[in-house]
Amino acid sequence: MFQTATNYAQKVDYVMLYIIGISFILLLIITISMIYFVIKYNRKKHPIASQIEGNKTIEIIWIVVPVVLVLTMFFYSYGVFKEARIVPPGALNVKVEAKMWAWKFYYENGKVTDTLFIPAGKPVKFTIVATDVNHSFYIPAFRIKEDAVPGRENYMVVHPKEIGSFDIACAEYCGMNHSIMYTKVYVVPEKEFSEWLQGKVDENYLRRYVASHTGGYKDYLTGSYAILFAKGCVQCHNIDNRKGIGPSFVELQRGFANVKINGKDTAVVIDKNYIRESIINPNLHIVKGYEKISMPSSVNILKEDELNYIVDLLYSNFVKNKQ
Amino acid sequence: MGSATLIEKAENYLEYKAHKGIFAWLLSTDHKRIGLLYLIAMISFLWVGITLGFIMKLEMLTPDKTIVDAQTYNALFTLHGVIMIFLFIIPGIPAIFGNFFLPIQIGARDVAFPRLNLFSWYLYITGGLFAIASLFLQGGPIDTGWTFYVPYSIRTTTNVILPLLGAFILGFSSILTGLNFITTVHRLRAPGMTFFRLPLFVWALYATAWIQVVATPVVGITILLVVIERVLHIGIFDPALGGDPLLFQHLFWIYSHPAVYIMILPAMGVVSEIIPTFARRTIFGYKVIAFSSLAIALIGYFVWAHHMFTSGMSDTARMVFSLLTFLVAVPSGVKVFNWVATLYKGSIELRAPLIYVMMFIFLFSIGGLTGLVLGSLATDIHVTDTYFVVAHFHYVMFGGTAIILFAALHYWFPKMFGKMYNEKLAIAATPFIFVGFNLLYFTMFILGYLGMPRRYWSYLPEYQTLHIISTVGSWVLILGLIIMFANLIYALFKGKPAEANPWGGVTLEWTIPSPPPHENFDKIPNVTNGPYDFSHINETKDGKS
């Protein structure tokens, strides 16, 4: 449930355990003594109270001990944090640009992507900027975030370790679609990464690579609908059975669709071609009952490999899975 | 102290009417009536806030749209925050119970400036109406979050200016109330009421009042700057014009962090009243508690930037503010130890107000201790702006301040209205509140650590189970609150008459009749002992004096 993908994330978890552990003990002491006193010194059993005004020794102890405890927490935590702020020599530079409501990643050689690709085993320094309002570049599995503030260049360092794909979320409120400002980071081996950087393989290759190394090809297709979130599809099309502004993806399971083509009712078979057409040219055939609001073409939103990926995802998850 | 024979002649404040009809309330300068005016207004705003929160939790039942769209949801959490913080939690306890009991507890007939006090209430209402009015005007309700962060608050097309001006006006209400309380404590104490004989509620209000007076102008100016920036595009905050968005965050939190202590200190004061009364013994470490209020008020000024650990501040600033944040936790912790120690060898009667206080100690401790996670740099970087923060401040603000506001309502209800509520029902509401509260908010700690950011209208499907538990918790909690308020409202009309001192308390408010006479005391008392001197009561054994 709690994904840890870097050594740093592991360290943050230990700091957390340390603080929560001490806190839990303190909470236990407070709560148990409180309940014990209320029962033991109940007025029926204990009609006359002792008027104790204080006790210097005890009071000094319970000021000094917490001060010492919080200082240990501070130093422990600060040590872990400080390390994460050091930019190691030879770190890969990636510029992160946040805008309402999407991420863009700029690599040293001029490559630009919507999902982030970084090599395992090599430190990465992100230079984080925003073009409109505040955002925050947050990778929960790495336990780290840094705000993207217009007019500033903030930075953040990660030491990716595990091969895998992890969520990137926007953590600073940025308006209407703040909650779908998601994308993914793919951590791939250095070799595959530099091949991709040189243009020898495409993004889809890296996605498949990650998928096949973290639970297999099937997982890559069935596991995550992240891209449907990242690209805003789910704003209108639900991934479960509920109707949205547009038809739910689950309706694909029927294998055919009742559509209107040039005003005429027709039934068409759902295949990969149909899905592709519906994304590129949605108004060609509109599913019955959804004529009122037309879907914008996604040609400009999706790159070719992303389009292929989504078509594959929808086809294998919904159409092929039909009973 | 008060003479029993004369008291019968004095008209109680609910019967005494300086004006006719509704004006007996709207034009009254009696601190007690003004306290009730605040009570009515705030409980109304509280229920508006609860309703907004309830709708938000319904929306969170499913990962995508459940009942409202994204824009509406953003307006909901903004208004929930604005109403709960500016109209309920910040003014809450001082405006209601401070107004009502501060003069009585120090043996005064009213606050130092009664007309200014009434004016403060009108400012409060005006500010509140400004905030609410934005709902119905063109452009739609404000969607910036209650923190009004620039540049978003400069760019959004929703109604930002009106609620901002509302908050500005509310600020003045807060400053003037603070000024009034400071002057009252300095000038109107009864003979013999030295500073170290002040009840701890008064100490807490006094420390709070200084924060109100000194910190609030900062947010006033900040708000005006945002308004100016929106209207005139000067370039103070807007990076496109050469401004600095972080400047806004600093200015905002320079007020809004001390404001957290405006919210919690008075509640701590109430706890220090209720525990001695029901334990029938003096408070453990009176001076430590009094001074820790001042220490919190003081150190509280120097921790604001812990809200900005990921904003891009220098690492040195992050270190300093983290260290100071850890230190400010200590005086709060010490208070909790003192309260628990006050139960030791007491003669404890477990009545509704004390049960609320126990609930407070548990919930507030969780809130405070999880604050350590947020003060610590390594962990804060991960959980800031996630549900972990949402959980933390609800444990502190709701589990802390609001629960104590309920405790105070039960503790002083007989005194304020001269009626008793049904004790069994009051206690019956508490398990619902406790269980509902923890279901609702504890799940948010887990969600936050898992990486669920706050202010999200939709979320990843893997978070759904926890969200459902949380939403069900909100229903249980609201059920508890309905039972609690229904019981009190019923008591208002049908409650049995209350005695002057139903709990056996020893502070001055328990020496006068319930409800108190128009000017509190027919003869100003001469104070000869500390605030929690139960020695003579324990001698008479049956307890009630």
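This tour moves through a predicted model, from chain A to its boundary with chain B and on to one helix of chain B.

Residues are numbered from 1 along each chain as its sequence is written, and chains are lettered from A, with ligands numbered from 1, in the order in which they are written. As the model is predicted, local features need pLDDT of at least 70 and side-chain atom pairs count only at pLDDT 80 or more, whereas totals for chains, interfaces and linings use all residues.

**Confidence.** Colour chain A by pLDDT, the predictor's confidence in each residue, from 0 to 100. The average for chain A is 87, and 93% of the residues score at least 70. Next, select residues 216–223 of chain A, where pLDDT stays under 50. Where pLDDT is low, the predicted coordinates should not be read in detail.

**The five-stranded sheet.** Helices (H or I, at least four residues) and strands (E, at least two) are DSSP runs, numbered from the N terminus; two strands pair if DSSP finds at least two bridges between them. Select E4, E10, E9, E6 and E7 of chain A: they form an open sheet in the order E4-E10-E9-E6-E7, with mixed pairing. Its edge strands are E4 (116–119) and E7 of chain A, each of which pairs on one side only. Within the sheet, E6(A) and E9(A) pair in the antiparallel sense over two bridges. Show Tyr138(A) there, whose bridge partner in E9(A) is Ala169(A).

**The hairpin.** Move to strands E11 (residues 256–261) and E12 (residues 264–269) of chain A, an antiparallel pair with six bridges. Two residues lie between these strands of the hairpin, and Asn262(A) in the turn has a positive phi of about 50°. Centre on Ile261(A): opposite this residue in E12(A) stands Lys264(A), while its bridge partner in E13(A) is His285(A). E11(A) and strand E13 (residues 285–287) of chain A run antiparallel and are joined by three bridges.

**The boundary between chains.** Display both chains; residues are in contact if their C-beta atoms, placed from the backbone, lie within 7 Å. Here 73 residues of chain A are in contact with 76 residues of chain B. Elements giving two or more residues to this side of chain A include helix H1 (7–40) and helix H2 (56–85) of chain A.

Key. Contact = placed C-beta atoms within 7 Å.
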